[in-house]
Amino acid sequence: MRAHQIDRPADLDLVRESYDRVADNYAEMVATTGMGDIRRQPWLKASIDAFADTVSELGPVLDVGCGPGTVTAYLAERGLNVSGVDLSPRMIENGRRLYPHCRFSVASATDLHLEAASLGGILGWWSLFNLPRGVLPQILALFARALKSGGHFIAGTHVGDEDKVRTEAYGGVPVRWTTHKWQPKQFVGLIERAGLRPVAELRLPANEFSGPGLVVMAERPA
């Protein structure tokens with residue numbers, strides 16, 4: 001059970017519906033353009049590989065906001081005991097279709113019931129930026145509590161100062177969600193205040209698919 005209730009974002013249903021609408025296009029773009037495919041992006045692959053090496057002997061790993069399961073499947077191929085969850089039922093349908101050997105379920109990050117010290121690793125791989133600024137710290141605290149001593153959390157997020165309301169995405173599909181951007185120092189500070197110790201940062205310039213990005217890996221101290 002959770003130590004505390006996590007606030008439900010006011011736009012949760014809109015965000016779920018939006019990702020359901022883009023799910024098929026997103027999965028197709030990962031396959032055809034390399035967007036979101038860490039195998040084609042060496043620095044992101046290196047980050048995930050470092051995470052996998054670190055947590056491989058620590059127990060179950062949870063990929064929160066797994067989308068169509070690209071990273072979940074990569075970690076499974078590496079032998080990790082990993083499962084993926086996503087807010088969007090259609091994203092999960094794509095994951096199960098593409099990677100039938102993997103375990104997926106539908107769940108919001110705000111409604112996860114994670115036992116204390118039950119996980120060796122947690123990913124929030126470009127999947128937490130839709131969370132309101134007041135809700136993200138609650139999620140990070142949940143993750144910190146769920147990690148075993150020495151367990152690791154890895155997150156990727158968009159860098160910036162503003163909140164951007166999206167009205168279309170992934171091939172012009174109509175959506176309605178807010179991208180909450182963070183400066184690296186702010187985002188790392190949130191992770192620290194949740195009780196995790198940052199161990200590595202990777203800052204990424206804008207590319208053809210996205211604006212500037214940040215990857216952070218952090219440890220649950222002993």
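User: How many disulfides does the structure hold?

Analyst: A disulfide is a pair of cysteine sulfur atoms within 2.5 Å. This is a predicted model, and it holds 0 disulfides. Cysteine 66 is in none, and its nearest cysteine sulfur, in cysteine 102, is 9.3 Å away.

User: Is cysteine 66 buried or exposed, and what about cysteine 102?

Analyst: A residue counts as buried under 20% relative accessible area. Cysteine 66 has 8% relative accessibility, so it is buried. Cysteine 102 is buried as well, with a relative accessible area of 12%.

User: Now the sheet. What is the order of its strands?

Analyst: The sheet is open, with 7 strands in the order β3-β2-β1-β4-β5-β9-β8, and its pairing is mixed. Its edge strands, β3 (103–106) and β8 (197–204), each pair on one side only. On average, neighbouring strands are turned by 15° against each other, direction ignored.

User: How many bridges join β5 to β9?

Analyst: There are 7 bridges between β5 (residues 147–158) and β9 (residues 213–219), and the two strands run antiparallel.

User: Which strands does helix α4 lie across?

Analyst: Helix α4 (residues 89–98) lies across β2 (82–86) and β3. The helix runs at about 165° to β3.

Notes
Residues numbered from 1 in each chain as written. Predicted model: local features only at pLDDT ≥ 70, side-chain atom pairs only at ≥ 80, totals over all residues. Heavy atoms only, no water. Buried < 20%, exposed > 50% of the residue type's maximum accessible area, 1.4 Å probe, protein only. Pairing = 2+ DSSP bridges. Helix = DSSP H or I, 4+ residues; strand = E, 2+ residues; numbered from the N terminus. Axes fitted to C-alpha atoms, helices over the stretch in contact; angles between N-to-C directions. Contact = heavy atoms within 4.5 Å.
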